[in-house]
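Visitor: Hi! Could you walk me through a few side chains in this one?
Guide: Happy to, here it is.

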Amino acid sequence: MITRQEVLEYGLTFEDVYIDTPFHDNNWVLLRCKRNKKAFAWTYEKDNHIWVNVKVDPEWRDVWRATYTAVIPAYHQNKKYWNTIILDGTVPDSEIKRMIAESYDLCRVSK
């Protein structure tokens with residue numbers, strides 16, 4: 001998974017999700033839960049790669065960061081609860097999908 005389109009298509013497979021572009025900068029495209037309007041994946045291009053911010057359980061935050069150099073503290077978000085995945089081809093698709101799914105689950109239940 002290295003493109004924004006792949007991330008968006010995967011995110012749309014979850015129940016009650018929509019794409020949002022809330023900023024005046026079209027580089028930022030978000031996936032949100034319809035019920036509470038919480039974003040669970042923030043996609044943007046930076047340094048010639050697509051970056052994806054995902055919410056993370058703080059207990060897993062550092063595991064992901066230690067396992068993959070392309071998973072870093074979230075760009076422009078709370079680094080305690082969010083990670084950034086740089087889609088440079090080094091993180092397996094299954095792990096990217098797992099992180100996106102976990103972010104969806106965390107955001108879906110929050111008010």
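This is a predicted model: local features need pLDDT of at least 70, side-chain atom pairs count only at pLDDT 80 or more; totals for chains, interfaces and linings use all residues.

Visitor: Okay, where is Arg-4 found?
Guide: Arg-4 is in helix α1, which covers residues 4-11.

Visitor: What does the Arg-4 side chain make a polar contact with?
Guide: One partner is the side chain of Thr-43, at 3.1 Å. A polar atom of the Arg-4 side chain also lies 2.7 Å from the backbone oxygen of Asn-27.

Visitor: Switching to rings: how many aromatic pairs are there?
Guide: The count comes to 14 aromatic pairs. In one of them, Trp-28 and Tyr-75 are stacked, because their ring centres are 6.5 Å apart and their planes are at 10°. This pair ties together parts 47 residues apart in sequence, since Trp-28 lies in the loop between β1 and β2 and Tyr-75 in the loop between β5 and β6.

Visitor: Is Trp-28 buried or exposed?
Guide: Trp-28 is buried, with a relative accessible area of 13%, whereas Tyr-75 is partly exposed at 31%.

Visitor: Nice. What about the rings of Phe-40 and Tyr-104?
Guide: That pair is edge-to-face, because the planes are at 75°, with centres 5.2 Å apart. Both Phe-40 and Tyr-104 are buried.

Visitor: Last one: which charged end sits over the ring of Tyr-75?
Guide: The charged end of Lys-46 does, 5.0 Å from the ring centre. Likewise, the charged end of Arg-98 sits over the ring of Trp-60, at 5.2 Å from its centre.

Methods:
Residues are numbered from 1 along each chain as its sequence is written. Side-chain values use heavy atoms; hydrogens and water are left out. Helices (H or I, at least four residues) and strands (E, at least two) are DSSP runs, numbered from the N terminus. A polar contact is a pair of N or O atoms within 3.5 Å; within protein, one must be able to donate a hydrogen and the other to accept it, and residues adjacent in sequence count only if both atoms are side-chain atoms. Rings of Phe, Tyr and Trp (its six-membered ring) pair if their centres lie within 6.5 Å; planes under 30 degrees apart count as stacked, over 60 as edge-to-face and the rest as tilted. Buried means under 20% relative accessible area, exposed over 50%, partly exposed in between (1.4 Å probe, protein chains only). A charge sits over a ring if NZ of Lys or CZ of Arg is within 6 Å of the ring centre and within 35 degrees of the ring normal.
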